[in-house]
Amino acid sequence: MEHYNMNLTLKVWRQKNSQEKGKFETHRVENISSEMSFLEMFDVLNEKLISEGKDPIAFDHDCREGICGMCSMYINGKPHGPWKGNTVCQLHMRAFKDGDTIVVEPWRANAFPVIKDLVVDRSAFDRIIQAGGFISVNTGNAVDANAIPVEKDNADKAFAAAACIGCGACVAACKNSSAMLFVSAKVSHLALLPQGDPERKSRVLAMVHQMDKEGFGACTFTEACEATCPKEISVTNIARLNQEYFRASLAADK
Amino acid sequence: MTWAQVFTSSVGKKITMALTGVFLILFLIVHVGVNACIWFNDGGEVFNRAANFLGENVVPRILEIGLFLFFILHIVQGLMLEVQNRSKRSIGYAVSYGNRGSRWYSRSMGLLGTLILLFLIIHLADFWVPSRFTHMSEVQLSDGKNVHNLYSLMQARFQNPFIVIIYVLGCISLAYHLAHGFTSSFRTLGVHNKRYIAMLRSLGYAFAIIVPLVFAMMPVSFYMGWVK
């Protein structure tokens, strides 16, 4: 694709901390290369703000290669911006054209309070994982990876679910601020594998309980989450979670 | 895990919605089937007989109590979920997410359900209340039996074009509510197999179109004089 430069208007959410009220701030950025990533464009803007003695815009980022799940910007009405199956760090400026106005907001959900500007606190996800998103293994020598046979079909489905990077875009896109796509990906990933089987009942109950406690909404299957997920996690996982929950709760011994 | 814990969890609340929803879908099949008897165009003979059968037999009467309970459960739980889900995002977005991946009716189940509830109140006041509680004119069937003349009540009611419009709008709300609710309820109950989801999706859309369309044709048929 041909390289070009562009001038853009950015409307960015600024908020000092979780207590104070935030507002949109308008910034002009000039000579942005179409080869830059969206975050690099923010780096350019922040360098400018710093040189002017202003407070740079806080945003989350880490690996910048689409696998860590840290970046979290709601760009022009969609988490992670206009491209499909993509994170903000992998969104490139060729997605925009000269003269565009881009509105950038943080994830909006009460369970994800804003820490500063575009940075939100996603530790709720960590606590959901801590509640049950693991398998218990006695320590000792590492078991050979191929000692337990796994059916190929299930291995593939588990792998697809495990691709979830926990960025929270599903929550950001959902009208109910539901975390079901995230939780279902984690539950499915382990429920489909023999290693996850011993704790599958207690896991789903504990994780759903923690999800509710954190203040996420209920799933109404609008499928907005799947459309925005950078890892294209399927809502099929949510139906699977429901089945796991049904079995664990209603078909429980006590 | 106590029952209370199950049904107060977010997934449990959805299970309630799905189970009651599926029951209401089954009810719609019976309701549309009985009402379709008006098209025998026999002055309401078959329809009145069918309606009377449901009214005087003990099994449908017991089911009627269950139907009311499930209706109330579906409505109350639905409204509570709507309010709770809305409360999870105090500060909204400046630019809305829009239709990406989702359809407007899947995001508007609360609104559609409320419209259906308003319609239901009008509908019950029109037919169910007169038939159960207040005096109603009777008609003699061909075998000499006297039954409530619901047919003539329908005929009279649907001469008013505003009533016909309200009923048609009620059916349209129902159609969109079912377009999402039918498949979604089964997914809430844990159906995730691709083959069944594909089947349920087609079945759901077909049901959502056919049943409300047949219902809507009833007031229209009376108004247009297609049935006498």
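From the N terminus on, the elements of chain B follow the order α-α-α-α-α-α-β-β-α-α-α, with 9 helices and 2 strands in the chain. Helices (H or I, at least four residues) and strands (E, at least two) are DSSP runs, numbered from the N terminus. The C-alpha atoms of chain B fill a box of roughly 60 × 40 × 35 Å along the principal axes. The model is predicted, and local features need pLDDT of at least 70, side-chain atom pairs count only at pLDDT 80 or more, and totals for chains, interfaces and linings use all residues. Residues are numbered from 1 along each chain as its sequence is written, chains are lettered from A and ligands numbered from 1 in the order in which they are written, and side-chain values use heavy atoms, with hydrogens and water left out.

In chain B, helix α2 (residues 10-35) packs on helix α9 (residues 194-224) at an angle of about 40°, with the axes 10 Å apart. Axes are lines fitted to C-alpha atoms, for helices over the stretch in contact, and angles run from 0 to 180 degrees between N-to-C directions. Angles under 35 degrees count as roughly parallel, over 145 as roughly antiparallel, 65 to 115 as roughly perpendicular and the rest as oblique. α2(B) and α9(B) are therefore oblique to each other. Their crossing is left-handed (the near helix is turned anticlockwise from the far one by less than a right angle; right-handed if clockwise). Contact (heavy atoms within 4.5 Å) joins B:I25, B:L28, B:I29, B:H31, B:V32 and B:N35 of α2(B) to B:F207, B:V211, B:V214, B:F215 and B:M218 of α9(B). By class, this contact has 9 nonpolar, 2 polar and no charged residues. Ala, Val, Leu, Ile, Met, Phe, Trp, Tyr, Cys and Pro count as nonpolar, Asp, Glu, Lys and Arg as charged, and the others, Gly among them, as polar.

In chain A, helix α6 (residues 200-213) and helix α8 (residues 236-250) pack at an angle of about 110°, with their axes 9 Å apart. α6(A) and α8(A) are therefore roughly perpendicular to each other. On α6(A), the residues in contact are A:R200, A:K201, A:V204, A:L205 and A:V208, and on α8(A) they are A:L241, A:E244, A:Y245, A:R247, A:A248 and A:S249. This contact holds 6 nonpolar, 1 polar and 4 charged residues.

α6(A) also packs with helix α2 (residues 123-132) of chain A, at an angle of about 155° and with the axes 8 Å apart. α2(A) and α6(A) are therefore roughly antiparallel to each other, and their crossing is right-handed. Here A:R127, A:I128, A:I129, A:A131 and A:G132 of α2(A) meet A:R203, A:A206, A:M207, A:Q210 and A:M211 of α6(A).

The second largest pocket holds about 450 Å³ of space. A pocket is found on a 1 Å grid over the protein atoms alone, as an open set of points where a 1.4 Å probe fits, with protein on both sides within 12 Å along at least five of seven lines; lining residues have an atom within 4 Å of a point. Of the 21 lining residues, A:C174, A:K175, A:N176, B:R89 and B:R107 are the closest to the centre. α4(B) gives the most to the lining, with 3 residues. The lining divides into 8 nonpolar, 8 polar and 5 charged residues.

How values were computed: Points joined across faces, edges and corners; volume = space filled by probe spheres on them.
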